[in-house]
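User: I have a model open and want to learn how to read it. Can you take me through it feature by feature?

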Amino acid sequence: MSRRKGDLAEQMAMEYLVSRGFGILARNYTIRGAEVDIIAQEGDFIVFVEVKQRKTARFATPRESVTIAKRRRMILAAERWLQGKGLLEANIRFDIVEVLGGTVTLLRGAFDAAV
């Protein structure tokens, strides 16, 4: 996926989250070898969001492309972000936002930090 398409998918995801009451805390948080597309807050939860886009689900859905390796890298980035903010005791959640053919779907609690 081109960077421009990725940016558009992330913008769609961010608007979707905001429309559902999420507050956006950070976007494209990166540390060496790891990135989180969106860091948001929903109620008492800090939510780390991976955005995945596909035109069709012909070969796989967007959620299926979030591999165990990607999950581990997200968890590492989340730990570093929380540590930097002094929020290691915060309630956290890992969500995936799928953009499939222009339809946005939120998968709350798509995986946990025990990967």
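User: Let me begin with one side chain. Is Glu10 buried or exposed?

Analyst: This is a predicted model. Residues under 20% relative accessible area count as buried. Glu10 has 5%, so Glu10 is buried.

User: Which residue does Glu10 form a salt bridge with?

Analyst: Start with the general idea. Side chains of opposite charge can pair when their charged atoms come close. Here Glu10 forms a salt bridge with Arg27. The closest N and O atoms are 3.6 Å apart. Glu10 lies in helix 1 (residues 3-19) and Arg27 in strand 1 (residues 23-31), so the bridge ties together parts that are 17 residues apart in sequence. Arg27 is partly exposed, at 31% relative accessible area.

User: How many salt bridges are there in total?

Analyst: The count comes to 6 salt bridges. One of them joins the side chains of Glu42 and Arg108, at 2.6 Å from N to O. Glu42 lies in strand 2 (residues 34-42) and Arg108 in strand 5 (residues 103-111), so this pair ties together parts that are 66 residues apart in sequence. Glu42 is buried, with a relative accessible area of 18%. Arg108 is partly exposed, at 46%.

User: And which residue pairs with Glu50 in a salt bridge?

Analyst: Lys70 does, with the closest N and O atoms 3.4 Å apart. Glu50 sits in strand 3 (residues 45-54) and Lys70 in helix 2 (residues 68-85). The pair links distant parts of the chain, 20 residues apart. Glu50 is buried, with a relative accessible area of 3%. Lys70 also counts as buried, at 10%.

User: Now the fold. What pattern does the protein follow along the sequence?

Analyst: Count the elements, then read their order. The protein has 2 helices and 5 strands. Along the sequence they follow α-β-β-β-α-β-β.

User: How many bridges join strand 3 to strand 4?

Analyst: There are 10 bridges between strand 3 and strand 4 (residues 91-100). These two strands run parallel.

User: What is the phi of Asn28?

Analyst: First the background. Most residues other than glycine have a negative phi. Asn28 has a positive phi, near 55°. Asn28 lies in strand 1. Asn28 is partly exposed, with a relative accessible area of 29%.

User: How many aromatic pairs does a search of the whole structure find?

Analyst: The search finds 3 aromatic pairs. For Phe48 and Trp81, the centres are 6.0 Å apart and the planes are at 80°, so the pair is edge-to-face. Phe48 lies in strand 3 and Trp81 in helix 2, so the pair ties together parts that are 33 residues apart in sequence. Both residues, Phe48 and Trp81, are buried.

The rings of Phe94 and Phe111 have centres 5.0 Å apart and planes at 20°, so this pair is stacked. Phe94 is in strand 4 and Phe111 in strand 5, 17 residues apart. Phe94 and Phe111 are both buried.

User: Which residues do the ring pairs link into a cluster?

Analyst: The cluster holds Phe48, Trp81, Phe94 and Phe111.

User: Let me finish with whole-protein values. What percentage of the 115 residues count as buried?

Analyst: The buried share is 38%. The accessible surface comes to about 6,600 Å², and 49% of that belongs to carbon and sulfur atoms. For contacts, look at sequence separation. Among contacts with a separation of 6 or more, residues 24 or more positions apart account for 54%.

Conventions:
Residues numbered from 1 in each chain as written. Predicted model: local features only at pLDDT ≥ 70, side-chain atom pairs only at ≥ 80, totals over all residues. Heavy atoms only, no water. Helix = DSSP H or I, 4+ residues; strand = E, 2+ residues; numbered from the N terminus. Buried < 20%, exposed > 50% of the residue type's maximum accessible area, 1.4 Å probe, protein only. Contact = heavy atoms within 4.5 Å. Areas by Shrake-Rupley, 256 points an atom, 1.4 Å probe, with all protein chains shown as cover. Salt bridge = Lys/Arg side-chain N within 4 Å of Asp/Glu carboxyl O. Pairing = 2+ DSSP bridges. Phe/Tyr/Trp six-rings, centres within 6.5 Å; stacked < 30°, edge-to-face > 60°.
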